[in-house]
Each structure stands twice: as C-alpha cells, then as structure tokens.
Amino acid sequence: MVYLDYNATTPVDVQVVEAMLPFLREIYGNPSAVYRLGRLARDAIEQARVQVAALVNAHPAQVIFTSGGTEANNLALKGWAKANPGKAIAVSAVEHASVLEAAHALATPVYSLPVDAEGRIRIRQVEELLEREAIGLISCMLANNETGVLQPVAELAKIAQAKGVCLHTDAVQAVGRIPVDFSALGVQMMSLSSHKLYGPKGVGALIVDCSLGLDPLLHGGGQERGLRAGTENVAGIVGFGKAAEMAAALLPERTRHLCALRERLEDGLLKLPGVVVFGQNAERLPNTVFIGVPGIDGETLVMALDKKRIEVASGSACASSKGQASHVLLAMGVEEALAKSAIRISLGKENTEEDIACFLSALEEIMRDFGKLEELYGDSSD
Ligand code: PLP
C-alpha cells in the first residue's frame with residue numbers, strides 16, 4: 001500500500017504511542033484530583049503544554065487544549081464573537097469548513113476575502129475592506145489543506161494590528177511542516193491539531209493571546225483557564241505533546257525529505273500531458289501537490305488508484321462526499337470541470353522515492369486506460 005494522504009491524517013508515531021500508554025492504564029487519575037494519581041496526570045498535561053508551546057514559540061499559558069482543529073477554530077470564532085457582540089468578521093474564501101461553517105453560524109456579518117489565481121488573499125483588498133467596514137476579527141489560514149499554498153499572514157497581521165483588528169490563523173496544516181512562530185507572526189489566536197503531525201486524533205489546541213477576551217463554548221468545571229471545560233483527554237494531550245516535541249526536533253530533516261520527494265513528484269507529473277498543478281507558482285507546504293487531470297473525474301481517479309492500492313484524496317472530504325467541486329479551486333477561478341478532476345497528493349515522513357515512482361506509473365497507466373494519453377499527446381506513438 002502507498003499512503004499519500006498525510007493532509008487528511010498521519011499515522012501515530014511509535015514513540016508517541018509509548019508516551020501515551022501509561023496514561024491509558026496506570027496513571028488514570030483525574031488531573032483535577034489533588035492526590036498523587038491526579039497530580040501525575042496534571043504534571044503530564046503541563047509538560048505537554050510546554051512541548052506544544054515550544055513548537056510554535058508561544059508561552060505555555062497561551063495553550064488551550066481542545067478536541068482538535070475543528071473545536072479550536074469554533075472556539076476562536078464563536079468565542080470571540082460572543083465576547084464581542086455585534087462586530088463583523090472576515091474570513092478568507094479558502095478556509096477549512098470548520099472556519100467557514102463556524103463563521104456562517106454566527107449572527108454577525110461575515111465578509112469573504114477573495115484569493116488570486118494562486119490561492120493567496122489579496123492584501124490590497126483586505127486594506128480596502130478594513131477602510132470600508134468595521135471588521136473586528138479576521139480569520140486566515142497559514143497553509144491551505146488542499147493546495148498547500150501559504151498565506152501572507154505576517155503581512156496581514158501588520159495591517160490588522162494597525163487597525164486594532166484581532167487576527168486568527170488556522171495553522172493545522174502548517175505546524176510540523178514549516179517553522180511556525182506564534183509570537184513573531186503577530187496573530188492573537190492560532191489553531192493546531194495533533195493528528196496532522198503524527199499525534200493521536202481528537203486532540204488539538206487554540207493558542208490564545210492571554211489579554212484577549214474570549215467566551216468558552218463549553219461550560220463546566222473550569223478546566224483550561226475556564227475556556228474549555230471537561231475532564232482532559234490526558235493520554236491524547238500527552239501524545240500531542242510528544243508529537244510536538246518530535247516535530248520541533250525533526251523539522252529540518254523532515255522538510256528536506258519532503259522537499260526532495262515533492263520535486264521528484266512534480267517533475268514526473270508535469271511530464272504527463274495536460275496535468276495542472278494548482279497554486280504551482282505560490283509558496284507552498286513542502287508536502288502538498290494538488291493536481292487537475294483534465295477529462296477524468298477526481299473521484300473516479302481516486303477509486304482507480306485505490307484499486308492499485310494507492311491512497312490519495314480528491315480535495316477536501318466534505319466537498320468530494322457531496323460530489324461538489326472544491327470551493328478552494330472555485331475561489332481561485334479554476335473552471336468547474338477542471339476543479340472536479342482534482343486529486344491531492346500529500347506526502348509524509350514515511351514516504352519513499354519508490355512510493356513516488358509507483359504513484360506516477362499508476363497515474364500514467366490510468367490515464368492511458370482512459371484514453372487520455374493518446375488524446376492529449378495527439379498521435380499515439382507507442
Ligand atoms: N483546519 C484545517 C486546515 C484542516 O485541514 C483540518 C483537518 O483536516 C482541520 C482544521 C480540522 O482539524 P481536526 O480534524 O483536528 O478537527
């Protein structure tokens with residue numbers, strides 16, 4: 001099997017599993033309990049808080065553990081909106097559904113920030129919007145989950161700061177793949193998810209500037225500075241901490257590996273007639289390649305590759321399950337038919353050069369079976 005869908009999720013690292021195991025069995029205390037078993041669980045959570053904070057150069061007190069990236073995004077938008085009633089919000093057109101849907105669930109005006117053909121927000125248009133409308137919060141992701149395209153968040157932060165606008169960034173896909181610095185970026189909130197960096201599923205964090213007013217989504221026992229009530233997922237948080245520690249230590253090595261594989265992959269892809277790499281000219285994550293294969297439906301392609309035991313995605317799970325074209329590609333101005341032919345290849349630390357070769361030859365074979373090679377090359381010469 002060749003797994004090429006690391007943006008969907010990653011396998012849990014063996015060392016992460018080992019770090020988690022004691023907290024599933026021996027150290028089962030409730031971290032709010034004052035006796036020894038409780039204190040051991042509390043200490044483990046606080047150690048994980050330090051590890052996660054270190055990965056993004058934040059202060060440990062700024063880390064609020066959540067059940068994942070979706071909850072972190074919901075807490076950022078809904079928590080901010082509840083604490084700042086009546087103020088408008090702007091979100092980029094290419095955000096993950098957990099930002100878009102959370103924004104549209106609010107009883108507050110929501111403005112969409114358009115992107116250019118490479119999938120980047122246009123800073124000039126943001127400036128114009130801030131001149132025109134009383135925006136209180138902007139949410140703009142650091143790296144797109146489908147295209148891997150990086151947004152100019154640091155530049156955006158300067159504009160937002162000058163206008164006193166709060167800035168949230170969804171860094172779920174960026175963290176562990178490129179250096180991310182909460183303090184230097186100048187954002188007030190940042191969402192993270194453990195399962196995108198070889199940690200367990202169902203755990204994430206919102207990094208929050210401590211001076212920011214935020215209302216909780218969940219009320220109860222006052223855990224996580226009162227911002228996320230509920231007995232903590234101790235083993236999950238410990239695993240997230242270990243995964244964060246490893247990501248920080250191994251980032252240069254992992255990035256080198258991914259860059260080399262992606263170069264090989266793109267070289268091969270661009271030799272295939274008609275294949276388009278979306279966001280090709282933009283700065284992107286080192287592991288993500290989103291392509292269009294004209295004339296073959298993305299879902300069909302995913303299934304044909306699956307038959308050859310190669311696992312890739314056709315854009316985001318939400319759109320493809322509804323048979324819709326990716327909202328990210330449509331926002332980039334990609335024609336609907338080409339957008340529907342998209343598949344995403346996202347690489348990870350366990351991929352090898354053989355995986356890339358295997359994928360490329362499988363794709364070529366499928367294109368040939370569909371008659372696309374002959375059609376696109378013109379006269380078939382082999
Ligand atoms: N944000 C982005 C950019 C994502 O890619 C994802 C997951 O795919 C999420 C948020 C949601 O994270 P989680 O799966 O931890 O809820």
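A polar contact, as I use it, is a pair of N or O atoms within 3.5 Å; within protein, one must be able to donate a hydrogen and the other to accept it, and residues adjacent in sequence count only if both atoms are side-chain atoms. The model is predicted: local features need pLDDT of at least 70, side-chain atom pairs count only at pLDDT 80 or more, and totals for chains, interfaces and linings use all residues. Numbering runs from 1 along each chain as its sequence is written, and side-chain values use heavy atoms, with hydrogens and water left out.

**Ligand site**

I looked up the side-chain N or O atoms facing ligand oxygens. For Ser193 the distance is 2.7 Å. For His195 I read 2.9 Å, and for Lys196 2.6 Å. The ligand alone exposes 390 Å², and the protein buries 85% of that (Shrake-Rupley areas, 1.4 Å probe; for residues, only the protein chains shown count as cover).

How many residues surround the ligand? I found 14, with Gly69, Thr70, Asp170, Ser193 and Lys196 the closest (near means a heavy atom within 4 Å). By class, the shell holds 2 nonpolar, 10 polar and 2 charged residues. Ala, Val, Leu, Ile, Met, Phe, Trp, Tyr, Cys and Pro are counted as nonpolar, Asp, Glu, Lys and Arg as charged, and the others, Gly among them, as polar. Helix α3 (residues 69-83) gives the largest share of the shell, 3 residues. Helices (H or I, at least four residues) and strands (E, at least two) are DSSP runs, numbered from the N terminus.

**Helix α4**

Next I checked α4 (residues 97-104). Ser98, Val99, Leu100, Ala102 and Ala103 are buried there (under 20% relative accessible area; exposed is over 50%, partly exposed in between; 1.4 Å probe, protein chains only). Among the elements they pack against are α3, β3 (88-92) and α11 (327-331). Contact means heavy atoms within 4.5 Å.

**Domains**

The domain assignment gives domain 1 (2-6 + 251-373) and domain 2 (14-246); such bounds come from an automatic or database assignment. Their C-alpha centres lie 28 Å apart.

**Loop residues**

Asp5 sits in the loop between β1 (2-3) and α1 (14-20). Why does Asp5 count as buried? Because its relative accessibility is 13%. Beyond four places in sequence, its contacts include Arg344 and Glu311.

I then noted Arg309, whose phi is near 65 degrees, positive in a residue other than glycine. At 54% relative accessibility, Arg309 counts as exposed.
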